[in-house]
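Subject: Structure handover

Hello,

Here is the structure you asked for. My notes on it follow below.

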Amino acid sequence: MASAKPAATAHRSDSGVMERRAERERTRRNWLLSAPALALLVIGASGPLIIVLVYSFMTPGDFSGVEWTPTFDAWVQIFFTRDIFDDTLGLADAHLSIFWRSVRLSLLTTAITIVFGLPTAWFIATRPGRARTFWLFLITIPFWTNLLVRTFAILEMIRNEGLLNTWLIKLGVIASPLQIMYTDTAVLIGMAYVYLPLMVLPLYAAIERFDFRLVEAGYDLYANRLQVLRRVILPIVKPGIVAGSILVFVPSLGAYVTPRVLGGGKNMMIGNFIELQFGQGRNWPLGASLSIFLLLIVMVALLYYVRASTRGSSHD
Amino acid sequence: MRLSTLTMTAAALLATTTLSFAAGELNIYNWGNYTNPDLIKKFEEKFDVKVTLTDYDSNTTALTKIEAGGHGFDIVVPTGNYVPIYVEKGLLLETRPDEMENFKNVAPRWVDVPWDMGRHYTVPWQWGTTGIAVNKKSYSGDINTSAIFLDPPAELVGKVNVVPEMSDVMNLAIFYVGGEACTEDKEVLRKVRDLLVAAKPKWQSMDYGTTDKLKNGEYQATVNWNGSTFKARQENPDVAYGYPKEGYPLWMDAVAVLKDAKNVENAKLFQNFLMEPENAAMISSFAGYANGISGSAEFMPEKMKGAPELETPEDLQAAGQFLPVCPKSARDIYTAIWTELQK
Amino acid sequence: MTRTSPRPFSVRRLPGFTAIAITCFVLLYAPIVTIVIYSFNAGDSVALWRGFSTKWYTVAAGNQIVQEATLRSLVIALWASGISTVLATMAALGTTRARNYRGRTLIYMLINQPLMVPEIVTAVALLIFFSSIKIATGYSGLGYLILAHSAFCIPFAYLPIRARMEGMDLALESAAADLYATPWQTFRRITLPLMAPGIAAGAMLAFVVSLDDVIITEFVKSAGQDTLPTYMLGQLRRAVTPEVNAISTALLALTVLLLTVFFILSGRNTARS
């Protein structure tokens, strides 16, 4: 940005230099503020990933770990498999269908949490003063209970002899129990439940800062509700939806416990598939290359998302 | 104010957990929900040792953690077929249980085991079989066959569970089509794959937690372990256990001392302690499996004596065999079939 | 422009929003109620009702391992949420109020990185990394777990704070600066109160996320460091008993009690001031 016009600014170089120095000072301060978080992340998350990256280029060890013979096998195996029986190299359709299921279920989970989370966050953010804190706690309390306990409780509700089916039959809505357990629907219900606070809280944080009196006063400017939605509400909730979607979508991609308990483990998601490589399959390099691959996809998507959302907000 | 009190409590707890204050200590790393707390209490009181129990949920997790080092465990309880891997990687201490005082109690059958000939490293914990559990109310035919899950009878379609244990399930299927454990024979494996892929739509789930779900009738049949089936039958008398005549896996978990153990003497005491019939009986009465120590039966609860899950019928004994850990080449094919199955 | 609606439209009460919100709360609490009910189950199953009994409370009260695991979970979550929230707040200050600067996207990517990798991968990487440190230093305390938890909690704390600060009005800050307030005063009096709801939301998320973590903890823990989730993971293969329901219920009761006290006390404070 600064190097765009070199000579033309010469006559006001003094103020230019000062401005640039102030700019540099600000950048330095911003980096310093972020540094502790980055340091912790490098030690506790990103740094060790280098080990994973290295492993993805190695040969699987006999029982676990790796042998230090470099190879690209693990990367080729993501997309292509050597057929077990006729030894031809073909597209790994099993892997692709696992990827596709993960993406589809994660997108649906994100959509469901927005549908339920947005009105809930809106409701909480529009309560007066102390009641707001009360409702906020009310939304988090269920999540102080352990994830596995919660998942088992959901299982108890939706299984064939569970509460939901028993009541629906008693009320005469259905004649025989709905088979929800061990289906993708069960996984969706479970994931939406587990990830809901990850949507509600950022949304709440974004909505709460808004002065609603201003909106109500300014309502006169717009003729109908659709315009209110587009011009008033959407800009308020947008940063919250962006943050919430990241927090819900990305962890759902790697979900492990919910597909196993509620989905009955019949169909894998990426998380289970990678776990298989590190666990019973003991093919660490493939597990490593799959993880780095997943990381790259999510990063590119996120980069695009961030670019798009910042461009969008600078227009407003 | 309130927050700082909390932080201080937290700091205090943090400090105490890193200090070692007891003179005698023993750190046991075992499967979750597998160790009788009374057994631990008895050992603690008898030898004045503070025992710390930490859980794992799979052989691979345990091996991975032990191999990485720095874990602080003294004792680990892997399944028998994992013991040679531990030994080969130099992770176990040769404690010579065969020279210990109570070794005379080990049943002859369990002295020369393939994974530890002559018992130089390990002491028996429990052993069992992987077979089939069926609710007799739903199906009254022959249950001593893997066909229950590989080619389910009409009554059981959509009501069968398969535990997600790759090695057990693959080998049950291999035995069913007449192959040998860890086979790499392409013809056999093609049959196995076709069989599994065709059977999967008839399964309800592939999940653990079988004891509970058998009890409350969540499913009518499952691949299961004998001890779990025994426990389920205590509350649901319709549950029965089948030993597939085509072949089924046997397994034994073994107590070993780690090479980097800090409390070697206490660990050896514990190994010897476990070979005492009364103590071995405590292991069994908690988890529901047989233990391999002669004379322990008389200390076990009445309901365990002669239980059909714990005593294999004579004509089906030959069908059971210990699974080796398959070589990598075989395992790669099995993982590919497994992935195909769960895609 | 003519207004046709009979009464002023209220943005606070968007049509249907309150109904969905209430439904949402009911759905959230339904499983929790189930947990509470099943903690009084006489049978040893979490899914089959066998009559009323308080035996699981007795069992849990006598089970030192479960109690220690629960306490350990809370301690780790407290530390991890505290550390990650402070660091995330600083990082949010450093990344949101400035115009785009060199490396900001990189910082953003690094902060969100723990979200993008399945837990098992971070877990294995951390196991290898921490084990060598454990062997080298001989220290094997809770510090590793707290460090690991703090790291993966950062994005969960950061994103709500960032969502709060995005487009936050900078006029107040510059007004304060014009009035010769020191940067610290400006921060304490103006910026921090504006950020507070975001920080609260972030801290809560971090706490909850740390409390739930299974796989990273399973791989990083040393001897005697089971948390409630890893204790339960060990049970998953065999049988999960209502004991954990009893503990969850007790914890829930404690939470509700603490919160009630908190609300009564803070209510008195606001009344006085």
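A term first: two strands pair if DSSP finds at least two bridges between them. With that in hand, Gly131(B) has Asn224(B) in E9(B) as its bridge partner. Please keep in mind that this is a predicted model.

**Strand E9 of chain B**

E9(B) covers residues 221-225. Strand E6 of chain B (residues 123-135) runs antiparallel to E9(B), and 5 bridges join them. Strand E7 of chain B (residues 160-161) pairs with E9(B) as well, in the parallel sense, over 2 bridges. There, Asn161(B) stands opposite Thr222(B).

Is E9(B) buried or exposed? Of its 5 residues, 5 are buried. Both faces are covered. Ala221(B), Val223(B) and Trp225(B) lie on one side, with Thr222(B) and Asn224(B) on the other.

**Chain A: annotated spans**

The unreviewed UniProt entry lists several stretches of chain A as "transmembrane region", among them 105-125 and 286-306. In the model, residues 105-125 of chain A are 100% helix, with end C-alpha atoms 29 Å apart. Residues 286-306 of chain A are also 100% helix, and their end C-alpha atoms are 30 Å apart.

**Chain A: confidence**

Mean pLDDT for chain A is 82, and 89% of its residues reach 70 or more.

Best regards

Terms used: Residues are numbered from 1 along each chain as its sequence is written. Chains are lettered from A and ligands numbered from 1 in the order in which they are written. This is a predicted model: local features need pLDDT of at least 70, side-chain atom pairs count only at pLDDT 80 or more; totals for chains, interfaces and linings use all residues. pLDDT is the predictor's confidence in each residue, from 0 to 100. UniProt positions are given in the numbering used here, feature names are shortened, and annotations may be inferred rather than shown by experiment. Helices (H or I, at least four residues) and strands (E, at least two) are DSSP runs, numbered from the N terminus. A residue is buried if 20 or more other C-beta atoms lie within 10 Å of its own, exposed if 12 or fewer, and partly exposed in between; C-beta atoms are placed from the backbone.
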